[in-house]
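Q: Please take me through a few features of this model. I would like the general idea, then the case at hand.

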Amino acid sequence: MIRSTPTTVRQQDDFSRESLSSLDHIFAYYEYLAYISKWDVKKMGRMRYLESRIPHPLFNYVYGHPSLMSAQDMEKFKVIFGSIPYTWIISSKKSKILQPFIQAFHLEKTITNKCVHFDLNDQLMMPSLREVTDLKLVHVQNHSEMTTFDRISSVCFHHEPGMQQEFMRGYIHSGFKNSTMKLYLFVYQGEPVGITSTFSLDGTLGLYGGSILPQARYQGIASAMLVQFIDRAKKEGYEKLACQLLPVAMPFVSRFSPREDDTVETYTLSKIFMR
């Protein structure tokens, strides 16, 4: 088991680059979550798995740069992964050579995301957007706001109430004063309608775990929030803003001149494999 801060992540071979890619930034975000909440992060070859044991794949991750394992290791980890719902995050660049690995663990593809970043040193042209009035960003700083964050997460990601609060327990125990990671609510016309989290490392601000309640979608809220975060990141001196997006969101994001780094394929264990 390892307990990593983002600093120690940068020193390990798995993430050794002059500047973290958008994908590696996500991996560092998971390790930071594990560090502050004291979740186990264990190694499996050149992959890692974050194990909270909260019974939902949103809160248990297998990630990293996978390499082939021995048959003995395969059997060992089948026992582990057959009892807990995990989300497996694999770069599409590796997915073809990892087909035996994917088949051995009976993984089923659930979603494909684009890893993109915005170079804030460029003169980003902010597109003209339909104005969304009475919309504000609220930094989660107390238990009431955290309960609202959890409620919205439970609706958007289909988990039981309370699970997100348990997963973010390190953030709560910090007194909501963590400068590396922050949680936000999107409040529209006085009602909380969306959530996201930010993670700061190596001159990059990452936006992760964002979603909007179904009844508040298609009203320009996501676009307006992205503009706010880009503007805020530039003012605070960040070099990049990174995020993961569904392919269907790429046409809208193209207006902000993103740079696509990778495509991430997300898998979960098939039901026939779960015990």
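Q: Is Cys 156 buried or exposed?
A: Buried means under 20% relative accessible area, exposed over 50%, and partly exposed in between (1.4 Å probe, protein chains only). Cys 156 counts as buried because its relative accessibility is 11%. Cys 115 also counts as buried, at 0%. This is a predicted model, in which local features need pLDDT of at least 70 and side-chain atom pairs count only at pLDDT 80 or more, while totals for chains, interfaces and linings use all residues. Residues are numbered from 1 along each chain as its sequence is written, and side-chain values use heavy atoms, with hydrogens and water left out.

Q: How many disulfides are there?
A: A disulfide is a pair of cysteine sulfur atoms within 2.5 Å. The count here is 0. For Cys 115, the nearest cysteine sulfur belongs to Cys 243 and is 8.9 Å away.

Q: What is the order of the strands in the open sheet?
A: Strands (E, at least two residues) and helices (H or I, at least four) are DSSP runs numbered from the N terminus, and two strands pair if DSSP finds at least two bridges between them. The open sheet has 11 strands in the order β1-β2-β3-β4-β11-β5-β10-β9-β8-β7-β6, and the pairing is mixed. β1 (40-44) and β6 (135-139) are the edge strands, each pairing on one side only.

Q: Which residue of β4 is the bridge partner of Val 62?
A: Trp 88 is that partner. Strands β3 (residues 60-64) and β4 (residues 87-91) run parallel and are joined by 2 bridges.
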